[in-house]
Amino acid sequence: MKMRRLFSWTGLALCVAYLLFTAWLVHGAQSDADPKGTYILMALPITLQSAALDAIGAGSLLYGKPWSTAYAVLVPPTLLLLYAAGWLIERSARGR
């Protein structure tokens, strides 16, 4: 029986790219004196995830919560999805 390869370089690359992009935007938000700019830069990395929560009627769960809570709730599942997408990309590229 063949063991399935669960490690994915593509998944890892997608996760690292997302984390670097997120860190860059959060750093930019912290150095921005404009409140609107800060809000936009902080919201960009989790906008799609927030929209998905709104679509299923769970958007109010994060309403009024600090950014740290929103990130703690939304980033881990995003990383899992990105890793899974990279794994599927590699698997389909190998033709299995």
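## Leu48 in helix 3

Leu48 sits in helix 3, residues 47-55. Helices here are DSSP runs of H or I with at least four residues, strands are runs of E with at least two, and both are numbered from the N terminus. Leu48 is exposed, at 72% relative accessible area. Exposed means over 50% relative accessible area, buried means under 20%, and partly exposed lies in between, using a 1.4 Å probe and protein chains only.

## About the model

This is a predicted model: local features need pLDDT of at least 70, side-chain atom pairs count only at pLDDT 80 or more, and totals for chains, interfaces and linings use all residues. Residues are numbered from 1 along each chain as its sequence is written, and side-chain values use heavy atoms, leaving out hydrogens and water.

## The whole chain

The protein chain has 4 helices and 0 strands. Read from the N terminus, the order of elements is α-α-α-α. The C-alpha trace spans about 55 × 30 × 15 Å along its principal axes. The radius of gyration of the chain is 16 Å, while a compact globule of 96 residues would have one near 12 Å. That radius is taken over C-alpha atoms, and the globule rule is 2.2 Å times the number of residues to the power 0.38.

Of the 96 residues, 25% count as buried. Contact means heavy atoms within 4.5 Å. Among contacts with a separation of 6 or more, 72% join residues 24 or more positions apart.

## Surface and charge

The accessible surface of the chain is about 7000 Å², and carbon and sulfur atoms hold 72% of that area. Areas come from the Shrake-Rupley method with a 1.4 Å probe; for residues, only the protein chains shown count as cover.

The chain carries 8 positive and 4 negative side chains, with the centres of the two sets 23 Å apart. Lys and Arg count as positive, Asp and Glu as negative, while His and the chain ends are not counted. Each charge is placed at NZ of Lys, CZ of Arg, CG of Asp or CD of Glu.

## The nonpolar core

In soluble globular proteins, nonpolar side chains tend to be buried together. A nonpolar core is a set of buried Ala, Val, Leu, Ile, Met, Phe, Trp, Tyr and Cys residues joined through side-chain atoms within 4.5 Å. The largest one here has 11 residues: Tyr18, Ala29, Met42, Ile46, Leu53, Ala58, Leu62, Ala70, Tyr71, Leu74 and Val75. Helix 1 (9-31) and helix 4 (67-94) are the elements that give two or more residues to this core. Helix 4 gives the most, with 4 residues.

Val75 belongs to this core. Beyond residues up to four places away in sequence, Val75 touches Tyr18, Leu19 and Ile46.

Tyr18 lies in helix 1. Tyr18 is buried, with 12% relative accessible area. Setting aside neighbours within four places in sequence, Tyr18 contacts Pro45, Ile46, Gln49, Val75, Thr78, Leu79 and Leu82. Tyr18 and Thr78 are 60 residues apart along the chain, yet their C-alpha atoms are separated by 9.0 Å.

Ala23 is also in helix 1. Ala23 is partly exposed, at 45% relative accessibility. Ala23 and Pro45 are 22 residues apart along the chain, and 9.1 Å separates their C-alpha atoms.

Helix 2 covers residues 35-43, and its buried residues are Gly37, Met42 and Ala43. These buried residues pack against helix 1, helix 3 and helix 4.

Pro45 lies in the loop between helix 2 and helix 3. Pro45 is buried, at 4% relative accessibility. Apart from neighbours within four places in sequence, Pro45 contacts Tyr18, Thr22, Leu25 and Tyr71. Pro45 and Ser8 are 37 residues apart in sequence and 23 Å apart in space, C-alpha to C-alpha.
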